[in-house]
Amino acid sequence: MTALLIDLDGVLRQWDLAVISGAERRAGLPEGTIARAAFLDHDLLHRAVTGAIDDATWRSAIADAIDRTHGGGGRQAVKEWSIPAGRVDHEVLSIVREQRSRRRVGLLTNATTRLRRDLERLGLQDEFDAVINTADHGVAKPDPRIFAIAADQLGSPLANLLFVDDTRVNVEAAAALGASVHHFTNPSRLRNWLATWA
């Protein structure tokens, strides 16, 4: 029996980029400032999504980096950026629910320690048979160890995993371990791919 393992951000959860640009504008910062500080410092991001630092420490470090570069505005911008929890793609959620009626479904996400709170705010806390947050395990996608952990939590061998992610390197890593993979681009293509595994 196959099990489905699905990513969160960029697949089931989407983010409104206007929230980020608005926070930057109101703080007097150039567009793209938050994204550069939060996601292009790969060491800082890796520490956050592997649980080496908690979410609050990560966000504080982002604000500090912005303040160093731009002479201020970091605290205000990061505080505003941090308020939303994103939005659920309800078409993808309907697919998750359909799949859960026929196979176990797990969520595998490179997330910070804030994940549990976000899932509750989004109403997703009961939508999965297993939630694998990399911050709880000290390793993140595409590390092969996190896929083994996820397979174990779903009670499925890697060869029986159907893995969905919007990041190609993660898809390739899962495929190299023997999982069947889908590079997510839109709900329609995902639904069609999963139909082949009915």
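This is a predicted model: local features need pLDDT of at least 70, side-chain atom pairs count only at pLDDT 80 or more; totals for chains, interfaces and linings use all residues.

Q: In which sense do β4 and β5 pair, and over how many bridges?
A: Strand β4 (residues 105-109) and strand β5 (residues 130-133) run parallel, with four bridges linking them. One you can look up is Thr 109, whose bridge partner in β5 is Asn 133. To get from β4 to β5, the chain passes through helix α7 (residues 115-122), and this β-α-β crossover is right-handed.

Q: How do I find where there's empty space?
A: Rolling a probe the size of a water molecule over the atoms shows where space is left empty. Here, the largest pocket comes out at about 1,000 Å³.

Q: Which residues lie nearest the centre of the largest pocket?
A: Asp 9, Trp 15, Phe 39, Leu 45 and Asn 110, out of 40 lining residues. Among the helices that each supply at least two lining residues are α2 (33-39), α4 (55-70) and α9 (168-176). Helix α1 gives the most, with five.

Q: What classes of residue line the largest pocket?
A: Its lining has 16 nonpolar, 13 charged and 11 polar residues.

Q: What about the second largest pocket: what is its volume?
A: That one has a volume of about 190 Å³. Its lining includes Leu 119, Val 131 and Asn 133. Two or more residues come from each of α7 and β5, and α7 has the largest share, with four. By class, the lining of this second largest pocket splits into three nonpolar, four polar and three charged residues.

Definitions and conventions
Residues are numbered from 1 along each chain as its sequence is written. Side-chain values use heavy atoms; hydrogens and water are left out. Two strands pair if DSSP finds at least two bridges between them. A crossover is right-handed if, with the strands pointing away from the viewer, the path from the first strand over the helix to the second runs clockwise. On a 1 Å grid over the protein atoms alone, a cavity is a set of points where a 1.4 Å probe fits but cannot get out, and a pocket is an open set with protein on both sides within 12 Å along at least five of seven lines; lining residues have an atom within 4 Å of a point. Grid points are joined across faces, edges and corners, and a volume is the space filled by probe spheres set on the points. Ala, Val, Leu, Ile, Met, Phe, Trp, Tyr, Cys and Pro count as nonpolar, Asp, Glu, Lys and Arg as charged, and the others, Gly among them, as polar.
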